[in-house]
2 protein chains.
Amino acid sequence: MSDSCIRGEMADTPDLGSGAERHVGSSPTGCTKYVSLPLPEGGLKVWGGVLKEITVAYNEYGAENTGDNVIYICHALTGDSKVAEWWPKMVGEGKTFDLNRFHIVCANVLGGCMGTTGPASINPDTGKPYGSKFPKYAMSDAVDVFRLFLKTIGVGKLYALVGGSYGGMQVVEWMCRYPNEMERAVIIGASASMNTQALAYDALQKRVIVNDPEYHGGDYYEIGDGKGPKEGLSVARQIAHITYLSRDYLENKFHREKQENWVNPLPFGEDYQVESYFQYQGKKFVGRFDANSYLHIVDAMDRFDVAKEFGSLEKAMANVAAKVRVFSLDEDVLFTEEQSKAIYEALRASGKDVEYHHVSTGSGHDQFLTHPEDLARYIGEFLK
Amino acid sequence: MSDSCIRGEMADTPDLGSGAERHVGSSPTGCTKYVSLPLPEGGLKVWGGVLKEITVAYNEYGAENTGDNVIYICHALTGDSKVAEWWPKMVGEGKTFDLNRFHIVCANVLGGCMGTTGPASINPDTGKPYGSKFPKYAMSDAVDVFRLFLKTIGVGKLYALVGGSYGGMQVVEWMCRYPNEMERAVIIGASASMNTQALAYDALQKRVIVNDPEYHGGDYYEIGDGKGPKEGLSVARQIAHITYLSRDYLENKFHREKQENWVNPLPFGEDYQVESYFQYQGKKFVGRFDANSYLHIVDAMDRFDVAKEFGSLEKAMANVAAKVRVFSLDEDVLFTEEQSKAIYEALRASGKDVEYHHVSTGSGHDQFLTHPEDLARYIGEFLK
């Protein structure tokens, strides 16, 4: 759908996202744009090194920016800047993020593979893809890049800052560290740090990628088909994908039904629909995502810990100036009800303007993308 | 501890279990014994082929077999016949499975690697390990081998048949198919079939093993160090191990604490205690278990489906003659409360002598091994 977009100077930015599933609805899709950020002399210091060039891929939708109507949306772990495509039930004319009223901005995260500088981008020091040379970054670095990006394109104080999952963690970081940059903050299915079980699942995901023989220490872009550890990335995605859905959702969707006209190609594989489904999810993901980007993004998420950063969750939240709405998603094992509630409680303890809702469709973490009806209503009210 | 045991003719049975963690308590350990089963002419037909020789490794403990005091215990997925060692809180003098009163028998499952014929055993047709030639088997085959084994060593009707997890599924199969072979049946943390999410986790576990370059199509015993897909097996075990423990248990045990004096050897690995813990679990498991055995045992578990076998769960349970006690374990995601309750409800619908208890320690599936105090009490009462 971006075929009709004229890509500018940054058209050489790696585009590994062509296979992404798009929910094309009535939402305007816009063209992804690219901006090269003005960096400090010597480059931008991030947690694990320095980046001398940063390009940010972004999309803008809706009304003109009138200075008081900008909503910035932080995408989830493997999302991209095309928020009207991946959140079509929320972004559109007359919808919660009403394009008649708001100027909506979304950018691909640092380290990503959907247009913003990441491990597959060209390292100016070598003229080759960064690969293993791409520095690890902290969530605060990702937020700083977003902030510099917004300043660069002329966006000031945000009417609202919104994010789900990984994006919700960015909202948490942002509102605690730079409290005066947004009037409203919306945190959906996120937490102030990953829980222990989630860390364990992430550790396995990283392990299967780096131990895939095609990983080549991260420098796989110029070896073989250049796609690197596809098997590891597929398995990592499948582990993650199981945690995105509730047990009941999987049970009701697939039971133990066999997939007709499908023979599991794996030895010891069964022909269950659920196996077919997850194999498909893994394959689709490998087609659209870069393994190094996945490693860096998950890595930043795992290290993220607002309580540690500020001394305690209460100290972190004491800084907040925005009105905040916190949403937890039922049957979410990655960002639990307790974790979301802890953010709410810490804000309330400091007397902040905050509300908390536990949203329930029974489908697990991914419901904020797939079943956002209740969210739409609550957030719509908040944005009035 | 079996150093003091004199191993008989079957001492050439592969022993991959030397690294197993043993909870050595006051329980008598006994010596593992081996018996070659008398098979039908041409061998025993199993789900995916024929076995011409079957040896069973087993342990006996406690009082003499008086014909009315034998309790047979089916071990869990990666367990073995040394039940007094892996269930020391339950098996011993004066304990629930009181060795002063009962004659306790436990045997290693078909396809295992703890002494009973499995993929690492010598294939009489070739004189080499079975490897890929080991036939897939059904849970009913595993039960039939146990039954033939018991007959062979002179055990008749059981005072009680007991099993947890994988072993509990064997109890379900056994009591439905051969209702007159036990007076009592105890089913702990088990179900009539794997739930959909558990199937998905199992599919990934099988995948990482068979896609490990060291798997060699299952014929790895005579290649390299003969240990095969160690990385895949380690990852598989770690995926499984996460599901054995509740999220709260992991949270309370490890939080986000760093492991002192440990540097995660993996790129993108963090030094969290939880990562260290699971890496250790994976490594330990690879030291004691065979990948092909794991594949076969998980495979039989995934295909197991009593409702499908008998037409419905109600039809299956209508056969049962034993008194039954069903236990579910809280926070067990593999064998959920609902699944255990379904067995109980089906038995109750047929007017059987059945009780159901939901046992709660908050630690997840593995609590039947680690925190069996409530189980001990309920089962002790049942065995009086």
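The model is a predicted one. Chain B can be laid on chain A with an RMSD of 0.0 Å, using a turn of 180 degrees and a shift of 0.0 Å along the axis. The two copies are thus related as by a two-fold rotation axis. The same surface serves both of them, since 100% of the contact residues of chain B recur in chain A.

**The single chain**

- Chain A holds 13 helices and 14 strands.
- With a radius of gyration of 20 Å, close to the 21 Å that the globule rule gives for 384 residues, chain A is as compact as a globular protein of that length.
- If you are setting up a box in your head, the C-alpha atoms of chain A fill one of roughly 60 × 50 × 45 Å, taken along the principal axes.

**The contact between the chains**

- Chain B brings 50 residues to the contact, and chain A brings 50 residues as well.
- About 4600 Å² of area is buried between chain B and chain A, and carbon and sulfur atoms give 61% of it.
- Three residues stand out here: B:R247, B:R256 and B:F268 supply 19% of the area that chain B buries against chain A, more than any other three residues.
- Between chain B and chain A there are 27 residue pairs in polar contact, counting pairs with both residues at pLDDT 80 or more.
- On the side of chain B that touches chain A, the elements giving two or more residues are α4 (196–210), α5 (230–244), α6 (247–254), α7 (273–288) and α8 (291–303) of chain B.
- Of these, α4(B) gives the largest share, with 11 residues.
- Sorted by class, this side of chain B has 25 nonpolar, 12 polar and 13 charged residues.

**Salt bridges**

- Side chains of opposite charge can pair when their charged atoms come close.
- Over all chains, a search of the whole structure finds 41 salt bridges.
- Between chain B and chain A the count is six salt bridges.
- Across the two chains, the side chains of B:E270 and A:R303 meet in a salt bridge at 3.5 Å, N to O.
- Within chain A, A:D125 forms a salt bridge with A:K52, and their closest N and O atoms are 2.9 Å apart.
- That pair links distant parts of the chain, 73 residues apart: A:D125 lies in the loop between β9 (122–123) and β10 (128–129) of chain A, while A:K52 lies in the loop between β3 (49–51) and β4 (55–62) of chain A.

Technical notes: Residues numbered from 1 in each chain as written. Chains lettered and ligands numbered in written order. Predicted model: local features only at pLDDT ≥ 70, side-chain atom pairs only at ≥ 80, totals over all residues. Heavy atoms only, no water. Least-squares fit on C-alpha atoms with pLDDT ≥ 70 in both. Contact = heavy atoms within 4.5 Å. Buried area = accessible area lost by both parts, 1.4 Å probe. Salt bridge = Lys/Arg side-chain N within 4 Å of Asp/Glu carboxyl O. Polar contact = N/O pair within 3.5 Å; in protein donor to acceptor, adjacent residues only side chain to side chain. Helix = DSSP H or I, 4+ residues; strand = E, 2+ residues; numbered from the N terminus. Nonpolar A, V, L, I, M, F, W, Y, C, P; charged D, E, K, R; others polar. Rg over C-alpha atoms; globule rule 2.2 N^0.38 Å.
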